[in-house]
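User: I'd like to learn how to read a structure like this, one feature at a time. Can you walk me through it?

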Amino acid sequence: MPASDTADTAGPAASPVKILVAGGFGVGKTTLVEAISEIDPLRTEERLTSAGVGVDDLDGIESKTATTVAMDFGRITLTDAGVVLYLFGTPGQERFWFMWDDLLYGALGAIVLVDTRRLDRSFPAIDFFENRGLPFVVGANCFNGEQPYTAEEIKAALHLRDPDTPVLLLDARSRDDVRGCLLSLLDRLITQAHVTVPV
Ligand SMILES: Nc1nc2c(ncn2[C@@H]2O[C@H](COP(=O)(O)OP(=O)(O)OP(=O)(O)O)[C@@H](O)[C@H]2O)c(=O)[nH]1
Ligand SMILES: [Mg+2]
C-alpha cells in the first residue's frame with residue numbers, strides 16, 4: 001500500500017466522505033471494495049445455491065459462488081486529497097434493491113459499475129442516481145482483462161443524462177484502477193460543488 005494512502009498519515013483534518021459502489025448483479029462491486037480497502041472489508045455474502053437457478057443469471061461470471069445480501073463496507077484514506085472515503089457496496093440482485101435508499105443516506109457520490117457483456121443490468125443503478133441527483137462516475141469493469149468498447153461508446157450506449165459523466169475502463173481487482181476511479185469521482189464532486197455553491 002503506498003504510504004500516501006494510509007490512515008496513519010492522514011492527520012486529523014481528513015474529511016469523511018461516504019461513497020456508494022453500485023451496479024447490477026455480479027458486476028464486481030464486492031471485488032472493488034476489497035481491492036481498495038485499507039481495513040478488512042465487511043462483506044455480507046451468502047452462497048449462491050441451486051435455488052437461484054433461473055433467477056440469478058451467471059452468464060459470463062460462472063466462477064461466482066456468493067452474492068451480497070446486505071452491503072459491503074470498506075475504508076480508504078486518500079491523504080493527498082485530505083479525505084477518508086467510506087465505501088458502501090450495494091447488493092446487486094433486484095430482490096435486495098429496497099435497501100438502496102437506506103444506503104444512500106449521507107452519501108456524496110457513487111461509482112456505478114457496469115459489465116458491457118450485460119449492460120442492461122446496470123441501467124437501474126444509473127436511473128437511481130440520476131433520479132436522486134447524486135453525482136456518479138461509471139466504471140466499466142473489464143472482465144477477462146479486455147474491453148471491446150471505448151469509453152465513448154459505453155457512454156453513448158448508457159444514454160447518460162449528463163454527458164460530462166466520466167466513464168472509466170477499469171479492472172475491479174486493481175487497486176490502482178479503483179483509486180483512479182475514486183479520484184475521478186472526487187474531482188467530479190468538487191467541480192459540482194463549485195457549480196452549485198458559487199464563491
Ligand atoms: N476476470 C475478472 N473477474 C472479476 C472482475 N471483477 C470481479 N470479478 C469476478 O466476478 C465475480 C463477481 O464479482 P463480485 O465482486 O462478487 O460482484 P458483485 O457486483 O459484488 O456481485 P453481487 O453482490 O452478487 O451483485 C467474482 O467471481 C469475481 O471474482 C474483473 O475485473 N475481472
Ligand atoms: Mg457483492
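Analyst: Let's start with burial: a residue is called buried when its relative accessible area is under 20%, and exposed when that value is over 50%. Keep in mind that this is a predicted model. Take Cys181: at 1% relative accessibility, Cys181 counts as buried. Cys142 has a relative accessible area of 12%, so Cys142 is buried too.

User: While we're on cysteines, how many disulfides are there?

Analyst: A disulfide is a covalent bond between the sulfur atoms of two cysteines. The count here is zero disulfides.

User: Now the metal. Which protein donors does the magnesium ion (ligand 2) have?

Analyst: For a metal, you look for the protein atoms that sit at it and then ask where they come from in the chain. The magnesium ion (ligand 2) has Thr30 (OG1) and Thr68 (OG1) as its protein donors, lying 2.1 Å from it. Those two are 38 residues apart, with Thr30 in helix α1 (residues 29-36) and Thr68 in strand β3 (residues 66-78), and the pair links distant parts of the chain. Both Thr30 and Thr68 are buried.

User: And ligand 1: which residues are the closest?

Analyst: There are 21 residues around ligand 1, and the closest are Lys29, Thr31, Lys64, Thr67 and Asn141. Next, go through the polar contacts. An N or O atom in the Thr31 side chain is 2.5 Å from an oxygen atom of ligand 1. A polar backbone atom of Gly92 is 3.3 Å from an oxygen atom of the ligand, while a polar side-chain atom of Arg173 lies 3.3 Å from a nitrogen atom of ligand 1. On its own, ligand 1 has 650 Å² of accessible area, and the protein covers 86% of that.

User: Asn141 was on that list. Is Asn141 buried or exposed?

Analyst: Asn141 is buried, since its relative accessible area is 5%. Asn141 belongs to strand β6 (residues 136-141). A polar atom of the Asn141 side chain lies 3.0 Å from the backbone nitrogen of Ala172. Leaving aside neighbours within four places in sequence, the contacts of Asn141 include Val27, Gly28, Val114 and Leu170.

Conventions
Residues are numbered from 1 along each chain as its sequence is written. Chains are lettered from A and ligands numbered from 1 in the order in which they are written. This is a predicted model: local features need pLDDT of at least 70, side-chain atom pairs count only at pLDDT 80 or more; totals for chains, interfaces and linings use all residues. Side-chain values use heavy atoms; hydrogens and water are left out. A disulfide is a pair of cysteine sulfur atoms within 2.5 Å. Buried means under 20% relative accessible area, exposed over 50%, partly exposed in between (1.4 Å probe, protein chains only). Donors are N, O and S atoms within 2.8 Å of the metal (3.2 Å for Na, K and Ca); water is not among the atoms, so sites may look incomplete. Helices (H or I, at least four residues) and strands (E, at least two) are DSSP runs, numbered from the N terminus. A polar contact is a pair of N or O atoms within 3.5 Å; within protein, one must be able to donate a hydrogen and the other to accept it, and residues adjacent in sequence count only if both atoms are side-chain atoms. Contact means heavy atoms within 4.5 Å. A residue is near a molecule or strand if one of its heavy atoms lies within 4 Å of it. Accessible areas come from the Shrake-Rupley method with a 1.4 Å probe; for residues, only the protein chains shown count as cover.
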